[in-house]
Structure formats: C-alpha cells, structure tokens
Amino acid sequence: MGSVVMVHESRKAFEVEFVTLAGGVLGVLTLFADEIRPISAQDVPHVRVA
C-alpha cells in the first residue's frame, strides 16, 4: 500500500511512500496521476512468499 506524501505541480505527479502492513517503509516513488488510484472497500492486501 502507498500513501501520497507530496503532490507535484498541477497534480500531474505524486510522491508515494510504500509500506508493509506492519509499517516498515519499502520506498518512495514518483508516480504520474494515471499510475495511482484511491483504495476501495473491496481492496485486499496480497501476500507473496519470495
């Protein structure tokens, strides 16, 4: 899951911080508006074993 931590000019891009469900920071990415979406009530976090 990610949280928007900064909005760039005209809401064209966003800095998004990704974290684990336990709160550990995975990283921060700059993403364009068409690469993100709000969460919905039907979203389920997925787990994959490496």
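Start at Arg11, which is exposed at 58% relative accessibility. This is a predicted model. Arg11 sits in the loop between β1 and β2. Check its backbone: phi is positive, about 55°, although Arg11 is not a glycine.

**Stop 1**

Step back to Ser10. Ser10 is not a glycine, yet its phi is positive at about 55°. Its relative accessible area is 57%, over the 50% cut-off, so Ser10 counts as exposed. Now show the strands on either side. β1 and β2 make a hairpin, with five residues between them, and Ser10 belongs to the turn.

**Stop 2: the sheet**

Switch to a cartoon view and colour by strand. Three strands make up an open sheet, ordered β1-β2-β3, with antiparallel pairing. Select residues 2–7 for β1 and residues 25–32 for β3: these are the edge strands, and each pairs on one side only. From one strand to the next, the twist averages 25°.

Next, select residues 13–19, which are strand β2. How many bridges join β1 to β2? Five do, and the two strands run antiparallel. Turn to the other partner of β2. Seven bridges link β2 and β3, again in the antiparallel sense.

Now pick out facing residues. Select Gly2 and Phe18: Gly2 stands opposite Phe18 in β2. Then select Val16 and Leu29. Val16 faces Leu29, a residue of β3. While side chains are on display, keep one rule in mind: along a regular strand, they alternate between the two faces of the sheet.

**Stop 3**

Follow β2 to its end and select Gly23. β2 and β3 form a hairpin with five residues between them, and Gly23 lies in the turn. The phi of Gly23 is positive, about 100°.

Carry on into β3 and select Leu26. Leu26 lies in that strand. Is Leu26 buried or exposed? Its relative accessibility is 63%, over the 50% cut-off, so Leu26 counts as exposed. Draw a distance from Leu26 to Glu15, C-alpha to C-alpha. The pair is 11 residues apart in sequence and 13 Å apart in space.

**Stop 4: the largest pocket**

Turn on a surface. The largest pocket holds about 580 Å³ of space. Which residues lie nearest its centre? Select Met1, Gly2, Phe18, Ile39 and Asp43. They belong to a lining of 20 residues.

Colour the lining by residue class. It divides into 12 nonpolar residues, five polar and three charged. Then trace the lining back to the strands. β1 and β2 each supply at least two of its residues.

**Stop 5: the salt bridge**

Asp43 forms a salt bridge with Arg37, with the closest N and O atoms 3.1 Å apart. The count for the model comes to one salt bridge. The general principle is simple: side chains of opposite charge can pair when their charged atoms come close.

How accessible are the two partners? Arg37 has 59% relative accessibility, over the 50% cut-off, so Arg37 counts as exposed. Asp43 has 34%, which falls between the 20% and 50% cut-offs, so Asp43 counts as partly exposed. Recall that Asp43 is also among the residues nearest the centre of the largest pocket.

**Stop 6**

Finish at Arg48. Arg48 is in the segment after β3. Its relative accessible area is 79%, over the 50% cut-off, so Arg48 is exposed.

How values were computed:
Residues are numbered from 1 along each chain as its sequence is written. This is a predicted model: local features need pLDDT of at least 70, side-chain atom pairs count only at pLDDT 80 or more; totals for chains, interfaces and linings use all residues. Side-chain values use heavy atoms; hydrogens and water are left out. Two strands pair if DSSP finds at least two bridges between them. Helices (H or I, at least four residues) and strands (E, at least two) are DSSP runs, numbered from the N terminus. Axes are lines fitted to C-alpha atoms, for helices over the stretch in contact, and angles run from 0 to 180 degrees between N-to-C directions. On a 1 Å grid over the protein atoms alone, a cavity is a set of points where a 1.4 Å probe fits but cannot get out, and a pocket is an open set with protein on both sides within 12 Å along at least five of seven lines; lining residues have an atom within 4 Å of a point. Grid points are joined across faces, edges and corners, and a volume is the space filled by probe spheres set on the points. Ala, Val, Leu, Ile, Met, Phe, Trp, Tyr, Cys and Pro count as nonpolar, Asp, Glu, Lys and Arg as charged, and the others, Gly among them, as polar. A salt bridge is a side-chain nitrogen of Lys or Arg within 4 Å of a carboxyl oxygen of Asp or Glu. Buried means under 20% relative accessible area, exposed over 50%, partly exposed in between (1.4 Å probe, protein chains only).
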